[in-house]
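Here are a few friendly notes to read with the model open beside you. Take them one at a time and find each place as you go.

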Amino acid sequence: MSRAVIVGTGIVGAGFPDGDPAAILGARGLRYKDEATRLGMAAAQSAMWDAGVGDSADAVTAVVVSSNHGNLDTVCRVVGDGTGPGERGPMDLPNASSNVIASSIAIRFGLFGPNLMLCSGPSSGLDALHWAAVLLAARRAARVLVVGVEVDNPAVARFSDARAASGRFHGAACVIVERADASAAVPRAVLGRCVRGSAIPSLLRGRSIDRWYTPDSGRLDGVSDLIPEAAVVDVAARIGAASGALGVVQTAFAVAAHGTSLLSTGGVGEPPAACLITSSSITTVGE
């Protein structure tokens, strides 16, 4: 089975050099898009530029997006607050569907491969990486755009916890994953296995880990003992609790650092998930 390699990354959002989707995409076509969709499309465009991908003519390209709260503001506005009907407009219909981010990215860039939207809780970002690897291994696609996006607004604040100091993440990250045997690009990193719960110790056994990217909620019990030499990186302390976007943001950061990184999400009532990324070259994303 061919390895899955990461060939491009992009991060767009508050606190990053690229923070305005319109500056990346241009204003045309954004008028009726919600903020999560705009951010997701902008991150995808940035990653495609980074990978040197102009279009999908050379490879069947899939889109896998992770977001737990992306269109929550639209849903809350349409449903209302329980005291009466909400506000409804003709353009709310597509935006009220949770898969609007994934489908909009595919339409924007003319991508005709499988299209998936994941809303599976704190581990959603690493779940997206797992399903990207599955699509590549099954040869349903030769390239996958994996996007994680979350927004910070009053609707999300009602349902989502925030780190006291850093708040909530408002932005999107994209990593482009390809089959090594079908890729013409220079690989930035190798995507390893993504596992859950009790399988994490076996993933780490006998491995030297350079960095450990911790979940939104902090360190997972027992993992420190398995990788005592690893430097701990708390991405959420810098960018805010990232929920479904965290695993993808962690990946973009890990690609930018030479060596092997353990990505981890979940915990605190949710089964933890973990994935290994081995980077062979250094980029500037996340610095």
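The numbered points below go through the model place by place.

1. Before you start: this is a predicted model, in which local features need pLDDT of at least 70, side-chain atom pairs count only at pLDDT 80 or more, and totals for chains, interfaces and linings use all residues. Residues are numbered from 1 along each chain as its sequence is written, and side-chain values use heavy atoms, with hydrogens and water left out.

2. Helix 6 has 14 residues and spans 20 Å from first to last C-alpha, close to the 20 Å expected at 1.5 Å a residue; the expected span is 1.5 Å times one less than the number of residues. Its buried residues include Leu126, Leu129 and Ala132, where buried means under 20% relative accessible area, exposed over 50%, and partly exposed in between (1.4 Å probe, protein chains only). Just after helix 6, arginine 139 has a positive phi of about 60°.

3. Now find threonine 265 in strand 9 (residues 259–265). Threonine 265 is buried, at 0% relative accessibility. Leaving aside residues up to four places away in sequence, threonine 265 touches several others, among them Leu126, Pro215 and Ala273; contact means heavy atoms within 4.5 Å.

4. Aspartate 55 sits in the loop between helix 2 (35–51) and strand 2 (61–66). Aspartate 55 is partly exposed, with a relative accessible area of 44%.

Note on methods
Helices (H or I, at least four residues) and strands (E, at least two) are DSSP runs, numbered from the N terminus.
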